[in-house]
Amino acid sequence: MLRPTGKQYVVTRPLYSEDAFADEHAKVRRQQSNMSCCLIGLLLFSRVKNAALSLLPIVGWMRIYRLKEWLLSDIVSGVSTGLVAVLQGLAYALLASLPAWYGLFTAFFPVIVYLFLGTSRHISVGAFPVLSLMVSAVVTRMVPDEGSLFNITGFQGLSIEEQRVMVAASVTFLMGLMQLAMGLLQIGFIVMYLSDTLVSGFTTAAAVHILVSQLKFVLGLEVRGLSGPLSIIYVSEGKIFVQIEKTNMCDLATSLVIMVVVFLVKELNDRYKAKLPVPIPVEVIMTVIACGISYAFDFKEKFKVDVVGHIPMGYESPVAPNMEIIGHTAVEAFPMAIVGFAVAFSVAKVYAVKHDYTIDGNQELIAFGASNIFGAAFKSFAASTALSRSAVQESTGGKTQIAGLISALIVMVVTLAIGFLLEPLPKSVLGAVVIVNLKGMLMQVCDVPYLWRRDRPDCVVWLVTCLASILLGLDLGLAVGLGAELITVVFRTQFPRCSVLANITGTDIYKDRKDYVSIYEPEGVKIFRIPSPIFFANIDFFRGKLVEAVGFNPLRVLRKRNKAMRTIRKLLEKGELQMLPKGLLFTSSGPIEECEHYSNMEDLDKPIDFKDLPLRVNWNSDLPANIQVPRVDVHSLILDFSAVSFLDISALKGLKAIKEFIWVEVEVYIVACDAHILEKLHSCMFFDEDIKSSMFFLTLHDAMLHVSEKHPVRSENTNVYTKEGIPQSSNTFGGVRKQYHKYKCI
């Protein structure tokens, strides 16, 4: 065997059981308070105090702001981001089934609030295509093209567009309220239940929905918006393809040119980003060119191209949300709140790691909640962050949210002064820009083969989330995906990969016996590793796997032995068994009568009682009178609890079944048990006359050394396997099992 080339270490210490270690090493005593005091102290003092101290993160980064070094970079970044924000605001407002200029409100009001409350210095707050699509689903459900189907008091005297704006603002207010509440309650951890795989599948499906929704602008068709399950099929097949011959060729040509040019320049930006001082703002450039050409050649009148149209100057007066609409949209608002925060937090984490600062998830919830509440008052719709816009803000040198403030000022200038210049802009240009920006989300499909090779449960989550979100809609699809994800977690914990361990020869390391070629297995010892928490759903699974690992069912063996003991007692009473120096002799020549049937089967499940017998039975030897009992070749069972993080009450009751092994003379040891689990075992009165605390050992190797001392095994009986698979002798633990000296043996 090759000697290890790395450093070696030698440790000399006593052999520790848990009791011996506790006796020798005193523990620190912590003050334990009752549950109600913990909750009050945790929620009303610590968390509220921390939330109050971090309420204005702007104070923290403004104190370290390097005016001379960062200001110019923030200005350049803010101008670039602001131009993109104007364009994306118009495009994503159309995606939300709202008039285009309301996207400018979303690119302004939430940014101002986030400047003071947000902890990320690099994300660009504003419209996000997935959220815009979710807003569109609510808007078209509440106010379809043929008019509202709901009797809402606030709708009276309003046009369809105004009704849709009211719906969007109200659902945005409710979304912000939910985010704010989650932030104040410090439950930002809820986003952890949305894995990267689930978010990837969900955003890919959202990209498909967005692509289909933008086809009406690219093709210049009039398509009524639909929402609900299978709406994507109804829209694409029943609304778009049936009137494909009505395609406006001017819109189609304009869209194709825009998409090709923007795509190529974006690729150049990615390839030469190290050499370019700032990325080429191709979207803004192409939008200006398209707007100028449309105005010069009068696309609206000559080619019947649908353009952005009139953009009112200035901002509208703040309005209160409509409570009736809030009552009808609560179900949709919650997934919007979760998705908006999850995407923004994921992007913020990437930039925080890259630029070495920390972000606070709960404060981010507060920031986005307040941003959406404030924005909804001024008729903006749901805000989060767009990946492409945040990339522009970071890649152009943005250092802090001062860049966000500058971008908001650019949007304000457009809204108050020069918005009229965008009136001849074809909507097909905005649709083309949206489609090009879907590249990153659509390319996530390429992750599927990798996931299938590396982690098939994760791949299933991706596929289920994506397909469900495409077919059932984003809200139901997210719920289905989350359900699929939780099911995979349940299956991973309910049916984990248990293993039988063996010693790696010459070390104190224990690994799965199936994975290594040079292993050492003492005769009569089984080491069973439990690789997950034990709770009500998997305790029976573990018991089945344990029986499979040891090769026998202890309860069945116990019943057989109790039946055999009854037969032996009966033969002794009849005199058909005689005591001899070497054991017992069966003297009867006739057939053995079967013991009568016992109506109380519970008697067979009790420990064997030897009190009225002058001997103790060696169950692995040949019994007299042809009595047959299953052999048990295991004398010690070691349970490795190193990966068990918690036990519930059902698991404690199920774990009590290990006494069945003890009753059939198999010694049970539990190793590497967490201190909190040990405390729980003591507090729940787990120990009794059969299960004692002395069976718990500090490490697996401690238990093995204890077993080797108690049951020495001769070297020729020890199984050590080499790389060639040839058994060899080993004296690593040495010795044979000691016999009982107190009793005679059969």
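**Exercise 1: Positive phi angles**

Gln 186 is found in the loop between α8 (160-184) and α9 (196-219), where helices (H or I, at least four residues) and strands (E, at least two) are DSSP runs, numbered from the N terminus. The model is predicted: local features need pLDDT of at least 70, side-chain atom pairs count only at pLDDT 80 or more, and totals for chains, interfaces and linings use all residues. Residues are numbered from 1 along each chain as its sequence is written, and side-chain values use heavy atoms, with hydrogens and water left out.

Task: State the phi of Gln 186 and determine whether Gln 186 is buried or exposed.

Solution. Step 1: most residues other than glycine have a negative phi. Step 2: Gln 186, which is not a glycine, has a positive phi of about 60°. Step 3: its relative accessible area is 13%, so Gln 186 is buried (buried means under 20% relative accessible area, exposed over 50%, partly exposed in between, with a 1.4 Å probe and protein chains only).

A second case is Asp 298, located in the loop between α12 (282-296) and α13 (299-302). Its phi is near 50°, again positive in a residue other than glycine. With a relative accessible area of 33%, Asp 298 is partly exposed.

**Exercise 2: Aromatic pairs**

Task: Classify the ring pair of Phe 495 and Phe 541, and identify which elements hold these two residues.

Solution. Step 1: rings of Phe, Tyr and Trp (its six-membered ring) pair if their centres lie within 6.5 Å; planes under 30 degrees apart count as stacked, over 60 as edge-to-face and the rest as tilted. The structure holds 24 such pairs. Step 2: Phe 491 and Phe 495 have ring centres 5.5 Å apart and planes at 40°, so this pair is tilted. Step 3: for Phe 495 and Phe 541, the centres are 5.3 Å apart and the planes stand at 85°, so the pair is edge-to-face. Step 4: Phe 495 belongs to the loop between α22 (474-494) and β3 (499-504), and Phe 541 to helix α23 (residues 539-550), so the pair ties together parts that are 46 residues apart in sequence.

**Exercise 3: A helix and its end**

Task: How does the span of helix α21 (residues 456-472) compare with the expected value, and what is the phi of Gly 473?

Solution. Step 1: the expected span is 1.5 Å times one less than the number of residues. Step 2: α21 has 17 residues and reaches 23 Å from its first C-alpha to its last, close to the expected 24 Å. Step 3: just after α21, Gly 473 takes a positive phi of about 105°.
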